Amino acid sequence: QVQLVESGGGSVQAGGSLRLSCAASGRTFSSYSMGWFRQAPGKEREFVAAISWSGDSTFYTDSVKGRFTISRDNVKGTVYLQMNSLKPEDTAVYYCAADRQKYRAPSTIRSRQNEYDYWGQGTQVTVSS
């Protein structure tokens, strides 16, 4: 059974930074792409960022490009989301997710939630103005 445990959420003022972590266990972490999603109050969960299994390719939704950075440490089995220049509209519960396909080619990484088969419990990020 795969387990994903997020940490690092909290409350910050606009312009501040947070670093989210997601520790994975239960299968070979380094073989799967990973993604971050978020869900704001009253809204659907949306894609934020993804990283290929090797870490060589990264993808972002337009609203976070230039502010957020996804990375991974395949030795530690952890994926990170560094969030800088935070805005109130970044307020949401952030979830990490593991791709359902092993060794997915970076060109086929998608933002669709059904491409991911394991999810963490989420961590709250609150940005005040």
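Contact here means heavy atoms within 4.5 Å. The views below come from a predicted model.

**View 1. Gly-9 and the residues it touches.**
Gly-9 sits in the loop between β1 (3-7) and β2 (10-13). Leaving aside residues up to four places away in sequence, Gly-9 is in contact with Leu-18, Leu-20, Thr-123, Gln-124 and Val-125. For one of these, Leu-20, the C-alpha to C-alpha distance from Gly-9 is 6.2 Å, while the two residues are 11 residues apart in sequence. Is Gly-9 buried, exposed or partly exposed? Gly-9 has a relative accessible area of 32%, so Gly-9 is partly exposed.

**View 2. The disulfide of Cys-22 and Cys-96.**
The sulfur atoms of Cys-22 and Cys-96 are 1.9 Å apart and form a disulfide. Distant parts of the chain are linked by this pair: Cys-22 belongs to strand β3 (residues 18-25) and Cys-96 to strand β9 (residues 92-102), 74 residues apart. The count for the model is 1 disulfide. The link between Cys-22 and Cys-96 is right-handed, with 45° about the S-S bond. Cys-22 and Cys-96 are both buried.

Which classes of residue make up the lining of the largest pocket? The lining of the largest pocket has 8 charged, 3 polar and 2 nonpolar residues.

How values were computed: Residues numbered from 1 in each chain as written. Predicted model: local features only at pLDDT ≥ 70, side-chain atom pairs only at ≥ 80, totals over all residues. Heavy atoms only, no water. Disulfide = S-S within 2.5 Å. Helix = DSSP H or I, 4+ residues; strand = E, 2+ residues; numbered from the N terminus. Buried < 20%, exposed > 50% of the residue type's maximum accessible area, 1.4 Å probe, protein only. Nonpolar A, V, L, I, M, F, W, Y, C, P; charged D, E, K, R; others polar.
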